[in-house]
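Read the following with the sequence and the model side by side. The text takes up aromatic rings and then helix packing.

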Amino acid sequence: MTRSISNFVHEAPGPNSIGLIDEYLSEFNLPSPIDAYVKYSRSLLRFGTTEHLEENQHLGGLLLLGVVSAAEAYFRSIFSLTLEICPIARETAAEKQINLGGVLWHGHSEFRRSAFEHVTFCSKDDIKKYAKTYLGFTLRDSEFKTPLNEFDKVCHLRHGLVHNAGILPGRNAVQVGATPSKSPMRIALKYSSLQTLVAATDTLVLTFNRELFGEMCRRWGDAWRKRDDWNVNNADKKFNFIWKSHFCRELHAARPAKNSFTRSACKKEVMAQYDL
């Protein structure tokens, strides 16, 4: 009797089905984009103890993947909210295309979220490009050059973790300036290296959140008021939207003199700077 050649390498797997997708999903309420990033990334890092990372050589990479994913989610969310509130951003992005599937899923009220489902925020060039072409927001080198460059290195490591089972591809190795080796190089993250990479990701996300908030306050205090569609009766509502979209409750809780950094104090300062 002829035997299956394929059977020589290992037995055939049994039939399997993951069943209904709904079994793997649950609804939840999103906080502000920056709070979502901080909460999610910090919840992951609680597992990144020295002992756990020593026990499993892959754990550090998996935790880094989660943190970078949280950063991407931040960018998608804050870009979406900016399109919702800012007429300048809407004009800038007016000719961009979105996926029909995203519109069908999110519905009319949340369709803006579909605008960034087909893009990645895993390189400095992409982040700069999308900020400029969707939001009309230029990332100045004085604030962003170093954070973007460091995050770009994180993303090259991420590429190896996602697409190459934790082995750094040659292209990425060259781009991050790794020492040449004849042997494959596995991405091995211990406690200190994981903390350093997460800190680099934090720096970019927090810098972006601060600078975009400043830009939105500038537009609220100046550029929007020069437009024909400006309605002074909605001024406070719009400022409140900006504030809630960027304010980080998670970080504020541990901030020194936190009672000085309130919504009303911020609005008063913006109005003073723009002579309103």
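Are Tyr 74 and Phe 75 buried or exposed? Both Tyr 74 and Phe 75 are buried, where buried means under 20% relative accessible area and exposed over 50%, with partly exposed in between (1.4 Å probe, protein chains only). This is a predicted model, in which local features need pLDDT of at least 70 and side-chain atom pairs count only at pLDDT 80 or more, while totals for chains, interfaces and linings use all residues. Residues are numbered from 1 along each chain as its sequence is written, and side-chain values use heavy atoms, with hydrogens and water left out.

Over the whole structure, a search finds 15 aromatic pairs; rings of Phe, Tyr and Trp (its six-membered ring) pair if their centres lie within 6.5 Å, and planes under 30 degrees apart count as stacked, over 60 as edge-to-face and the rest as tilted. Tyr 74 and Phe 75 have ring centres 5.2 Å apart and planes at 70 degrees, so this pair is edge-to-face. Phe 75 and Phe 121 have ring centres 5.6 Å apart and planes at 20 degrees, so this pair is stacked. Phe 75 lies in helix H3 and Phe 121 in the loop between helices H5 and H6, 46 residues apart; helices are DSSP runs (H or I, at least four residues), numbered from the N terminus. Phe 121 has 0% relative accessibility, so it counts as buried. Ring pairs link a cluster that includes Phe 75, Phe 121 and Phe 208.

Elsewhere, Phe 213, Cys 217 and Trp 220 of H9 make contact (heavy atoms within 4.5 Å) with Cys 266, Lys 267, Val 270 and Met 271 of H12.

Note on methods: Helix = DSSP H or I, 4+ residues; strand = E, 2+ residues; numbered from the N terminus.
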